[in-house]
Each structure stands twice: as C-alpha cells, then as structure tokens.
Amino acid sequence: MAIKYLLDNPVEGNIFTQKYQSTIEWRNGKFVSDEPVKSGGQDTGPDPYTLLLSAHASCTLATLRMYIDRKGWDIPHIAVKANMYQTTKDEKLITVIDRDINFLQPVTDEQREKLTDIAKACPVSKILEGEIVVRTYTYNNSDTPKHINYSNGEVTVVWKPDVCKHSGRCVTGLPGVFDVNKHPWINMQGADTNAIVEQVNKCPTGALSFYKNTPGEANTAENGNSPA
Ligand code: SF4
C-alpha cells in the first residue's frame with residue numbers, strides 16, 4: 001500500500017558551525033532553533049524539547065477550539081501548559097508529559113469531561129501515545145556521471161544508482177512503479193505521470209529526477225540494476 005505523508009513537503013533543518021543554531025524551513029517560512037546556554041547554545045530559538053511540547057500544546061488548543069466552536073460553547077480563551085520528565089522502568093526510558101489545560105472561565109463538569117476526552121484524542125497525542133518508528137537514513141553529496149533513464153513517452157525519470165542510498169522510500173511510496181524485485185525496477189506504466197513526478201520529488205538523495213519529454217522523443221526504458 002502506498003504511504004501518504006502527513007505533510008506535503010518535509011520540514012528541512014540546516015545547521016552550520018554556529019553552536020547550536022539551526023534553521024528549520026516549513027511550508028510557509030523559517031524559524032530558528034537553538035540550545036539553551038547551559039547546553040552550549042545561545043538560546044536564540046526554542047530547543048527541540050520545547051518544540052516537541054509546543055507541537056503538543058498547539059495541537060491540543062486547535063483541537064479543543066474546533067470542538068468548542070462546533071458545539072457553540074462560549075469558551076473564548078483556553079491555555080495549555082506542558083512539560084515533561086523522564087524516568088526508567090525495567091531499564092526502559094519512560095517519558096511522561098504533563099499537560100495542564102485551563103479554560104479560564106467557568107465550564108460545567110460535563111463540558112470539562114468531554115473536553116478532556118477531546119484533548120486526549122488530539123492528533124499529536126495520538127502520535128505520542130501510539131507506536132512510533134523512526135527511520136533514519138544518511139547521505140552525502142557525491143558526483144556521479146552514471147545515470148539510467150526510464151520513460152513513458154511523456155516524462156523521463158533519471159535514476160543515479162551511485163547516489164541512491166536504498167532508503168526504499170520510492171518503493172513504499174509508489175510500489176506500482178518502483179519495485180526492486182522486478183526488472184527493470186522502475187515501471188513507467190505503473191502510475192500516471194503526475195503520481196510518478198510527485199514520488200520522484202520525494203527522493204531524499206536526488207538519485208531520482210525527471211524531465212518532461214519533447215514531442216516525438218523515443219519511449220525508452222533502459223534496464224539497470226535495482227537499488228536493493
Ligand atoms: S531512488 Fe531515492 S527514494 Fe528510491 S531508494 Fe534510492 S534514494 Fe531512496
């Protein structure tokens with residue numbers, strides 16, 4: 001089954017030599033993250049723990065606001081405080097997040113109970129309390145002259161095997177096109193051009209790229225090694 005990322009484009013972070021300021025780019029801008037002075041940073045932006053808790057707090061608030069508005073309840077102001085601590089149990093690291101929600105005006109017991117349930121079910125709560133798998137891939141830029149082309153007549157996908165780091169992201173993202181058990185491993189008939197281009201743009205290494213064919217260009221599919 002093809003995976004669907006929650007974000008259309010990934011967030012991208014970059015760090016250079018200034019300790020420990022990083023720039024995070026998101027779909028509509030950039031912000032700076034840093035480490036506190038006690039950890040060797042300059043505290044010029046929120047640290048990663050603060051960002052994690054901020055994600056939880058803002059998701060809680062947005063989810064509550066949507067529900068309250070839908071119900072038409074008169075609760076104009078909600079505040080959330082979040083912090084966390086860590087402990088170990090049976091040699092396993094346990095992280096406990098404490099989230100305090102204040103409605104800042106009287107609410108009935110029934111409303112408070114319902115809103116507590118809604119907060120518990122906010123999307124970031126579900127992520128944090130569900131099973132999380134972090135897949136980590138490492139890359140470096142390298143020059144490579146070698147490339148293999150695959151075309152459906154409309155678009156040509158260019159694969160650079162020396163750059164491909166075998167993350168398998170294309171295979172899980174669009175299995176009808178990218179299948180390392182087939183030869184050639186890229187089947188340009190497995191999806192429409194838009195879906196192929198969208199998946200090519202998600203290749204994290206630049207191993208996949210594409211160009212639009214000019215009318216009359218040969219419909220070529222050169223065979224090459226698969227990334228497996
Ligand atoms: S082509 Fe890109 S997405 Fe596919 S396996 Fe290689 S690096 Fe991963």
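# Exercises on a predicted model

R169 has its place in helix α4; helices (H or I, at least four residues) and strands (E, at least two) are DSSP runs, numbered from the N terminus. Residues are numbered from 1 along each chain as its sequence is written. The model is predicted: local features need pLDDT of at least 70, side-chain atom pairs count only at pLDDT 80 or more, and totals for chains, interfaces and linings use all residues.

## Exercise 1

State whether R169 is buried or exposed, and list its contacts beyond its neighbours within four places in sequence.

Step 1. A residue is buried if 20 or more other C-beta atoms lie within 10 Å of its own, exposed if 12 or fewer, and partly exposed in between, with C-beta atoms placed from the backbone. R169 has 20 C-beta neighbours inside 10 Å, so R169 counts as buried.

Step 2. Two residues are in contact if their C-beta atoms, placed from the backbone, lie within 7 Å. With neighbours within four places in sequence left aside, R169 is in contact with K202, C203 and P204.

Step 3. Take C203 from that list. R169 and C203 are 34 residues apart in sequence, and their C-alpha atoms are 7.0 Å apart in space.

## Exercise 2

Find which residues come nearest to the ligand, and sort the shell by class.

Step 1. A residue is near a molecule or strand if its C-beta atom, placed from the backbone, lies within 6 Å of it. There are 12 residues around the ligand, and C164, S167, R169, C170 and C203 come nearest.

Step 2. Ala, Val, Leu, Ile, Met, Phe, Trp, Tyr, Cys and Pro count as nonpolar, Asp, Glu, Lys and Arg as charged, and the others, Gly among them, as polar. The shell around the ligand has 6 nonpolar, 4 polar and 2 charged residues.

## Exercise 3

Describe the buried residues of helix α5 and say what they pack against.

Step 1. Helix α5 spans residues 193–200, and its buried residues are I196, Q199 and V200. These residues cover an arc of only 100 degrees around the axis, which puts them on the same side of α5. The arc is that of the directions from the helix axis to the C-beta atoms.

Step 2. An α-helix has 3.6 residues a turn, so residues three or four places apart point the same way.

Step 3. The packing partners of the buried α5 residues are β7 (155–159), α4 (169–173) and β8 (208–212).

## Exercise 4

Step 1. Two strands pair if DSSP finds at least two bridges between them.

Step 2. Antiparallel β7 and β8 are joined by 5 bridges. V155 stands opposite K212 in β8.

## Exercise 5

Step 1. β1 pairs with β2 (residues 22–26) over 4 bridges, and N14 stands opposite T23 in β2. These two strands, β1 and β2, form a hairpin with 6 residues between them. Y20 is found in the loop between β1 and β2, and the peptide bond from K19 to Y20 is cis, with omega near -25 degrees.

Step 2. β2 and β3 are joined by 5 bridges, and W26 has G29 in β3 as its bridge partner. The hairpin from β2 to β3 passes through 2 residues.

## Exercise 6

Locate D90 and decide whether D90 is buried or exposed.

Step 1. D90 lies in the loop between β4 (79–89) and β5 (92–102). Its phi is near 50 degrees, a positive value in a residue other than glycine.

Step 2. D90 has 5 C-beta neighbours inside 10 Å and therefore counts as exposed.
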